[in-house]
Amino acid sequence: MLEPDPKVVRELLTRYASLRIAQAERPRHAVRELTDVSYTLCVMMATTSVHDAVAKADALLLAKGRTAPQARPVDANGETGLSLAV
């Protein structure tokens, strides 16, 4: 089975959460889009339940976050060359 791209999964989870919040604030708002995002998340995570899809997506992102980053050389000033911009 192919593994979903973590960036796409993160974007879907973010959109799903935003739509759930919008729905809680205004129950009839964005129902169609929430249905579409939920369906896409289920298909991408190979589940039939959106709750299972969210759990699997969270686990995938957590596992991907645990992978060790590539070591970067440190210069004479102790800098790694990484940007501090957020």
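Analyst: Ser38 lies in helix α2. Helices here are DSSP runs of H or I with at least four residues, strands are E runs of at least two, and both are numbered from the N terminus. This is a predicted model, where local features need pLDDT of at least 70, side-chain atom pairs count only at pLDDT 80 or more, and totals for chains, interfaces and linings use all residues. Residues are numbered from 1 along each chain as its sequence is written, and side-chain values use heavy atoms, with hydrogens and water left out.

Ser38 has a relative accessible area of 14%. That makes Ser38 buried, because the cut-off for buried is under 20%, with exposed over 50% and partly exposed in between (1.4 Å probe, protein chains only). Leaving out residues up to four places away in sequence, Ser38 touches Tyr16 and Val50. Contact means heavy atoms within 4.5 Å. Ser38 and Ala53 are 15 residues apart in sequence, yet their C-alpha atoms lie 8.4 Å apart.

Ser38 also belongs to the contact of α1 with α2. On the α1 side, the residues include Val9, Leu13, Tyr16 and Gln23. On the α2 side, Leu34, Leu41 and Met45 are among them. By class, the contact holds twelve nonpolar, three polar and three charged residues. Here Ala, Val, Leu, Ile, Met, Phe, Trp, Tyr, Cys and Pro count as nonpolar, Asp, Glu, Lys and Arg as charged, and the others, Gly among them, as polar. The axes of α1 and α2 come within 9 Å and cross at roughly 145°. Axes are lines fitted to C-alpha atoms, for helices over the stretch in contact, with angles from 0 to 180 degrees between N-to-C directions.

Next comes the core. The largest nonpolar core has 17 residues. Such a core is a set of buried Ala, Val, Leu, Ile, Met, Phe, Trp, Tyr and Cys residues joined through side-chain atoms within 4.5 Å. Tyr16, Leu41 and Val54 are among the members that touch the most others. α1 (6–25), α2 (31–45) and α3 (50–65) each supply at least two residues. α3 gives the most, with six. Leu41 is in contact with Leu12, Leu13, Ala53, Val54 and Ala57, its neighbours within four places aside.

Last, the whole chain. Its secondary structure comes to three helices and zero strands. Of its 86 residues, 24% count as buried. Among contacts between residues at least 6 apart in sequence, 43% join residues at least 24 apart.
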